[in-house]
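Subject: Handover of a structure and findings

Dear colleague,

Please find below the structure that I am handing over to you. The findings follow directly after it.

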Amino acid sequence: MLQQDLVISSSHDLRLVGLSIIIAVLASYTALDLAGRVTAARASARIAWLIGGGIVMGIGIWSMHFVAMLAFSLPIPMFYDMWTVVVSILPAIIASLGALFLASRRVLNLWQLLIGGTLMGIGIASMHYIGMYAMRMEATTEYNPPLFMLSVAIAIGASIIALWIAFQLRMQTSTVGWTKLGSAVVMGVAIAGMHYTGMAAAHFKASNLQVFTSSQAITNSLSWLAIGIGVATVVILGFALLTSFVDQRLAASGKLLEQQEVETIRSQQFIEITLGIRRSLNLDDVFNTTVNEIRQALTTDRVIIYRFNSDWSATIIAE
């Protein structure tokens with residue numbers, strides 16, 4: 001066997017794999033929640049929620065991908081080019097911005113769903129493979145074409161499903177709900193499935209047999225880096241959800257105050273109209289009308305209205 005034909009066996013840290021899936025689900029849940037805030041916001045606030053939400057959602061998706069990359073290990077020294085890693089964030093943010101924009105629209109027809117989901121899927125797949133290109137090691141990378149195409153198809157399919165779910169749930173007012181949570185789990189597992197399918201499509205061949213040494217120290221350092229990124233991402237996504245929750249409560253309080261103000265104004269208008277009517281009526285006409293109505297109601301021939309004075313004497317007002 002030639003040295004350059006030696007395929008390197010790989011492995012995954014299952015703890016980091018679990019962490020990456022949790023981040024994917026949390027990022028999906030945050031995306032669903034932010035889609036509702038973008039839909040409910042107006043004018044400049046809508047733009048702010050769209051941009052901020054796209055950045056947060058993009059960072060969440062990228063973080064899931066990078067943590068999953070750090071869960072991957074080879075029996076050779078392996079590093080990452082940080083500039084390439086930073087560049088890989090951009091497709092995730094752009095895809096997230098597009099997702100929030102489409103999910104917050106009043107109408108999302110079938111063609112918009114398919115085209116938008118396809119572009120999103122391509123963006124997520126680009127993020128994944130740019131991230132893999134950032135790997136630096138003495139080995140070459142080859143891809144299995146069917147699995148490569150399957151990973152892209154999963155990215156597109158997951159994006160279409162995620163976009164449809166986000167559009168359907170964008171008007172859900174509750175911050176916590178089983179429907180939203182279940183949808184986030186489906187979306188998160190789909191995103192993670194794309195990543196690990198893409199990793200399964202990659203095969204690594206050593207270019208130097210002498211590099212097969214113990215890389216335990218490097219693996220440990222990458223594991224701590226993955227944990228640090230995971231914790232930071234959870235904090236960022238948690239802060240985004242908290243901000244969304246506070247904004248939702250403030251918006252609900254604002255609407256309640258507006259309704260109370262409208263009801264107060266209507267009550268004042270009713271009182272003013274009533275007083276105006278009372279001022280415009282002649283007192284004798286009011287008394288005479290009252291006497292006639294009471295006489296007809298009681299079927300009597302005579303009705304007398306008295307006014308009692310302070311000395312308990314009575315004065316006939318109307319008869």
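A charge counts as sitting over a ring if NZ of Lys or CZ of Arg is within 6 Å of the ring centre and within 35 degrees of the ring normal. One such arrangement involves R136, which lies over the face of Y133 at 5.6 Å from the ring centre. Please bear in mind that the model is predicted.

Aromatic pairs

A pair of aromatic rings is described by the distance of the centres and the angle of the planes. The structure holds 6 aromatic pairs. One of them joins Y129 and Y143, with 5.4 Å from centre to centre and 80° between the planes, an edge-to-face arrangement. Because Y129 belongs to helix α5 (residues 110–133) and Y143 to strand β6 (residues 139–143), this pair ties together parts that are 14 residues apart in sequence. Y129 has a relative accessibility of 14% and therefore counts as buried, the limit being under 20%. Y143, by contrast, counts as partly exposed, at 32% relative accessibility.

Y129 also pairs with F148: the ring centres are 4.9 Å apart and the planes stand at 50°, so this pair is tilted. Since Y129 lies in helix α5 and F148 in helix α6, the pair ties together parts that are 19 residues apart in sequence. F148 counts as partly exposed, with 29% relative accessibility. Elsewhere, ring pairs link W62, F66 and Y80 into a cluster.

Helix α6 and S159

Helix α6 spans residues 145–168 and includes S159. The relative accessible area of S159 is 3%, so this residue is buried. Which residues is S159 in contact with, leaving aside its neighbours within four places in sequence? They are G117, M120, G121 and I124.

Annotated transmembrane regions

The unreviewed UniProt entry carries the annotation "transmembrane region" for residues 16–35, 47–76, 82–103, 110–135, 147–169, 181–204 and 224–246. Two of these spans were examined in the model. Residues 82–103 are 95% helix and 0% strand, and the C-alpha atoms at the ends of the span lie 32 Å apart. For residues 147–169 the figures are 96% helix and 0% strand, with the end C-alpha atoms 32 Å apart.

Yours sincerely

Definitions and conventions. Residues are numbered from 1 along each chain as its sequence is written. This is a predicted model: local features need pLDDT of at least 70, side-chain atom pairs count only at pLDDT 80 or more; totals for chains, interfaces and linings use all residues. Side-chain values use heavy atoms; hydrogens and water are left out. Helices (H or I, at least four residues) and strands (E, at least two) are DSSP runs, numbered from the N terminus. Buried means under 20% relative accessible area, exposed over 50%, partly exposed in between (1.4 Å probe, protein chains only). Contact means heavy atoms within 4.5 Å. UniProt positions are given in the numbering used here, feature names are shortened, and annotations may be inferred rather than shown by experiment. Rings of Phe, Tyr and Trp (its six-membered ring) pair if their centres lie within 6.5 Å; planes under 30 degrees apart count as stacked, over 60 as edge-to-face and the rest as tilted.
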